[in-house]
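Thanks for coming, everyone. Let's look at how two chains meet. Here is the picture.

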Amino acid sequence: MNAPVNHASDALVIAGQAYSSRLLVGTGKYKDMEETRRSIEASGAQIITVAIRRTNIGQNPNEPSLLDVLPPSKYTYLPNTAGCYSVDDAVRTCRLARELLDGHDLVKLEVLGDEMTLYPDIPATLQAAEILIKDGFKVMVYTNDDPIMAKRFAEMGCVAVMPLAAPIGSGLGIRNPFNIRFIVEAATVPIIVDAGVGTASDAALAMELGCDGVLMNTAIAAAQNPVLMASAMKKAIEAGREAFRAGRMPRKQYGSPSSPLGGTFF
Amino acid sequence: MKIVVNGQERAFAASVTVAALLDELGMAGKRVAVEVNQEIVPRSRHMEFQLNDSDRVEVVYAIGGG
C-alpha cells in the first residue's frame, strides 16, 4: 500500500497564518457574482484578492456585494492596489481597505509603471512598501522577476514576494523560469507567482520550480468554462507542489529502458 | 454648502455628518469606507464627523479584482 501523503505538514504560511491551499485567486472579470462564487469555490482558494473602488452612487443598491457572496469569515481577503500608478494612491488604497475590512492588514501592493505592460514601478513600489510596513501593514508585494529586488523586498519586511510570470492578464505563462528559480533559491519569505499564468501547466510549472503558491485571476475568469478551469488549476497547483516535493528525476540525453535487460527469451 | 462625493458635486442646505451623508446616499449600514480630504474617517466616528463646505469625500467598497 502506498503511504498517504501528509498534506497537513505542507501548509503555506503567510504572516504566521497557515493555509492548506497554495492557489490564490482574484475575483475580477467574471460574468456575474454567481460565476465568481462558483469559480472561487471550485478553485479551493482560501486567499482571494479584491479591488477597492468608489461605490456607484444610486446604482443597483440591492445588488449583492462581494462581501456577502464571499464572506470574509470564510475567505482571507487580500485587498489589492490594482490600478495605482503612484505611491500615494497605493498607500491611500491600503488604508481605505483596512478601514473597510475592520483593521485587516494583509494587502497586495502593486504600483504600476506602464499601462501597456502593467509592469511594476519598482522605485515607487519600494517606497510604498516602506510606508505601509511602518504603518503596520503585512505587505505581499507584486514585483518583476528580478532576484535582487525579490531579496530586497523580503529583507525590508514584506511577508511574501510575488514576482510576475508574464504581464498581468497576458496568459503567456512563465517567461523566465530561470529567474523564478533564482528567486525561489534565495527566498526567506513565501514566493508566489503573481500574474501571467494562462493554463494549468503554467501553474504546475511554477510549483515545480519551487514557488510557494500562485496567484491568478484572468486564467480562470477568461476561460471558456471558468468553473472547470478553477478546478483544473487547483489540481495543477497540487500536482506541481507534490512533484516539487518528490524531486524530479535527472534529465538524460538518451533513452534508458524501464524493463530489465536480463531474462529475455528472444 | 457643496460637498464633492466620489467626484460629483452635491449641494446640502445645512451641515451634515458622514452618517447623514451615507444615509442620504442610501448607503447607511452598508459595508463602506469613508475618506474626507484624503484622511480616513473611521466607522466609529461617522455619527459625529461634520462635513464642511468643499470637502472632498470618497466612499469606497470592495469589488471583484485580481
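Start with two terms. Strands (E, at least two residues) and helices (H or I, at least four) are DSSP runs, numbered from the N terminus. Two strands pair if DSSP finds at least two bridges between them.

Some ground rules. This is a predicted model, where local features need pLDDT of at least 70, side-chain atom pairs count only at pLDDT 80 or more, and totals for chains, interfaces and linings use all residues. Residues are numbered from 1 along each chain as its sequence is written, and side-chain values use heavy atoms, with hydrogens and water left out.

Now the strands. β4(A) pairs with β5 of chain B, residues 56–64, in the antiparallel sense, over 5 bridges. Within that pairing, Ala51(A) stands opposite Ile63(B).

Next, the whole interface. Contact means heavy atoms within 4.5 Å. By that rule, 28 residues of chain A touch 27 of chain B. Together the chains bury about 2,400 Å², with 55% of it on carbon and sulfur atoms. Buried area is the accessible area (1.4 Å probe) that two parts lose on being put together, summed over both.

What about charges? A salt bridge is a side-chain nitrogen of Lys or Arg within 4 Å of a carboxyl oxygen of Asp or Glu. The rule finds 4 across this interface. One joins Arg54(A) to Glu58(B), with the closest N and O atoms 2.7 Å apart.

Which elements of chain A give two or more residues to the side that touches chain B? They are β4 (47–54), α2 (66–69) and α3 (87–100). The largest share, 6 residues, comes from β4(A).

Key:
Chains lettered and ligands numbered in written order.
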